[in-house]
Each structure stands twice: as C-alpha cells, then as structure tokens.
Amino acid sequence: NFSAEAAQYAIDNISADWNKNALKNAENYSRTMHMSKAGIYKQLTSEYGEKFTAEEAQYAVDNIKANWNENALKKAKSYQEMDMSTNAIYNQLISEYGEGFTPEEAQYAIDHLQ
C-alpha cells in the first residue's frame, strides 16, 4: 500500500547484487527441480519467470556448481516413473521445448537408468 512515488523511490535506490540473486535462484532450480543449464537460463530470463537480464542469468549459469549429468538422471527417473520409453525420455531431455539438456547429459541419464 505504498504510494507510486514511494515505490519508485525504493526501486531507484535499492542496492542489490543481481548477479548473486540470479545465482541463488539458479542453485535452487538445480537443487530442487534438477533443471538443465539451458532450462535454468530460460527460467531466469523469462517474462513469466524471474525476469533477470540476460547478463545476470548468464552469470548464474556460468558460476553455478551443478552436476548436470545427475540433474539429467533425476529428470530421466521422473519420466521413467511415467512409463515413458528410454527413447522418449532421451528426446524429452534434449528437446529445447523439454528439458534442454545436452545430448551427452541425456545419454548419461539413459545409460544410468535402472
């Protein structure tokens, strides 16, 4: 319930490390949703997501400490629980409209499914 002027003053005078904020969000997406590097970047920059700048999102994905193979494997296991075939899982993992993992990360996941 702040006035428009007060809200604008706050925005104009906020001191934040947006790169650090983007990185924290990226770490959360990796840890909890097992997203790919490309998926995290899209989420961070999406107008329906976090709305970070391209530079802030790139900083985040360049500096995150994530095991992308393990993220791909965890995603693959969730698709396996939906009774998807390994071919369908692989395609979902590498699709730009799906998870956005690299072919190598997706193959690692397929090779390590039980």
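Predicted model: local features only at pLDDT ≥ 70, side-chain atom pairs only at ≥ 80, totals over all residues.
Lys 75 sits in helix α5 (residues 68–80) and Glu 99 in the loop between α6 (86–94) and α7, so distant parts of the chain, 24 residues apart, are linked; helices here are DSSP runs of H or I with at least four residues, numbered from the N terminus. Both Lys 75 and Glu 99 are buried, that is, under 20% relative accessible area with a 1.4 Å probe, protein chains only.

As for the ground rules, residues are numbered from 1 along each chain as its sequence is written. Local features need pLDDT of at least 70 and side-chain atom pairs pLDDT 80 or more, while totals for chains, interfaces and linings use all residues, and side-chain values use heavy atoms, with hydrogens and water left out.

Glu 105, in helix α7 (residues 103–111), is another story: it is buried but has no salt bridge. The nearest side chain of opposite charge, Lys 37, is 6.9 Å away, with Lys and Arg taken as positive, Asp and Glu as negative, and His and the chain ends not counted. Setting aside neighbours within four places in sequence, Glu 105 is in contact (heavy atoms within 4.5 Å) with Trp 68, Asn 69 and Ala 72.

Next come the helix pairs. The axes of α3 and α4 are 9 Å apart and the angle is about 150°, using lines fitted to C-alpha atoms over the stretch in contact and angles from 0 to 180 degrees between N-to-C directions. That makes α3 roughly antiparallel to α4, the label for angles over 145 degrees. On the α3 side the contact involves Lys 37, Ile 40, Tyr 41, Leu 44 and Thr 45, and on the α4 side Ala 54, Ala 57, Gln 58, Ala 60 and Val 61.

Helix α2 (residues 18–33) also meets α4 (residues 54–63), with axes coming within 8 Å and crossing at roughly 55°.

Ile 40, in helix α3 (residues 37–45), has 0% relative accessibility and so counts as buried. Beyond residues up to four places away in sequence, Ile 40 touches Ala 26, Tyr 29, Ser 30, Met 35, Val 61, Ile 64 and Trp 68.

Notes. Helix = DSSP H or I, 4+ residues; strand = E, 2+ residues; numbered from the N terminus. Buried < 20%, exposed > 50% of the residue type's maximum accessible area, 1.4 Å probe, protein only. Salt bridge = Lys/Arg side-chain N within 4 Å of Asp/Glu carboxyl O. Parallel < 35°, antiparallel > 145°, perpendicular 65-115°, else oblique.
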